[in-house]
Amino acid sequence: LCTIIYMEVNAEISLPLNSSVAVYRLPALHHQIKMCQNELVVLIQNLQKRNRLATELYDKYHPDIMLVQEINLDSETHPFPAYNTSSMGYGTAIGSSSKYELCDIKKVQSPHSEIGGFIKKKTTIATIHAKSSIEFVSFHGYNGQ
C-alpha cells in the first residue's frame, strides 16, 4: 500500500525513515504526483472555519481519507461521519471516499479549556479496514496543556 498525503503548507509531519509515504504541499497538481498501484490518498488541512472548504478540497483532490481541523461542519455538503464539533459546528472531522468505511469512531475532548475558559479543543479518531486496520487521528493543538 502506497500512501500519498496532501497537506497544508505550514503543517508538519513526522514519518519513519522506511515509510512508503509521499508528501505534497497544497496546492499540488495531479500531474505532479506520481501515483502507484494500491495507493491511499490522505488530505490533511486546517480549514480555518471557511464555509464549504472541505467539500471543495474533496471535489478537487478526491482523497480516500480527509483529516480536517477547524471545519465548519454545518456548511459542508460532503459527509464527514467522524466528527467532534462544538454546538456551533466547529471542530475536527474525518471523511472518507466510498471506497473506505470509517468505524470505531472516538471523540476526545481536551481536559483543559483555552484562555477564557470556554473553548475545549477536540480530537476525532476513526479506523478503516484496508489490507490491515489503519487508525487516523484529526486534532487541533492543545496548547501544551
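Helices (H or I, at least four residues) and strands (E, at least two) are taken as DSSP runs and numbered from the N terminus. On this basis the chain holds 1 helix and 9 strands, in the order β-β-β-α-β-β-β-β-β-β from the N terminus on. The model is predicted, and local features need pLDDT of at least 70, side-chain atom pairs count only at pLDDT 80 or more, and totals for chains, interfaces and linings use all residues. Residues are numbered from 1 along each chain as its sequence is written, and side-chain values use heavy atoms, with hydrogens and water left out.

Of the 145 residues in the chain, 44% are buried (under 20% relative accessible area; exposed is over 50% and partly exposed lies in between, with a 1.4 Å probe and protein chains only). Among contacts (heavy atoms within 4.5 Å) between residues at least 6 apart in sequence, 45% join residues at least 24 apart.

Helix 1 spans residues 53–61, and its buried residues are Leu53, Ala54, Thr55, Leu57, Tyr58 and Tyr61. His62 follows helix 1 and has a positive phi, near 50°. His78 itself lies in the loop between strand 4 (65–72) and strand 5 (82–85). His78 counts as buried because its relative accessibility is 13%.

In a regular strand the side chains alternate between the two faces of the sheet. Tyr83 stands opposite Ala93 in strand 6. The two strands form a hairpin with 4 residues between them, and Gly89 in the turn has a positive phi of about 95°.

An open sheet is formed by 3 strands in the order 7-8-9, with antiparallel pairing. Strand 7 (103–109) and strand 9 (133–139) are the edge strands, each pairing on one side only. Neighbouring strands of this sheet are turned by 15° against each other on average, direction ignored (axes are lines fitted to C-alpha atoms, for helices over the stretch in contact, and angles run from 0 to 180 degrees between N-to-C directions). Strand 7 and strand 8 (residues 122–129) pair over 5 bridges, and Gln109 has Lys122 of strand 8 as its bridge partner. Thr127 is also found in strand 8 and is buried, with a relative accessible area of 6%. The C-alpha atoms of Thr127 and Ile105 are 7.0 Å apart, with the two residues 22 apart in sequence. Beyond its neighbours within four places in sequence, Thr127 is in contact with Glu101, Leu102, Cys103, Asp104, Ser133, Ile134 and Glu135.

The largest pocket holds about 340 Å³ of space. Of the 16 residues that line this pocket, Lys49, Ser86, Tyr90, Ile119 and Lys122 are the closest to its centre. Strand 6 (residues 90–96) gives the most to the lining, with 3 residues. The lining divides into 4 nonpolar, 6 polar and 6 charged residues (Ala, Val, Leu, Ile, Met, Phe, Trp, Tyr, Cys and Pro count as nonpolar, Asp, Glu, Lys and Arg as charged, and the others, Gly among them, as polar). A pocket is an open set of points on a 1 Å grid over the protein atoms alone where a 1.4 Å probe fits, with protein on both sides within 12 Å along at least five of seven lines, and lining residues have an atom within 4 Å of a point. Grid points are joined across faces, edges and corners, and a volume is the space filled by probe spheres set on the points.

Conventions. Two strands pair if DSSP finds at least two bridges between them.
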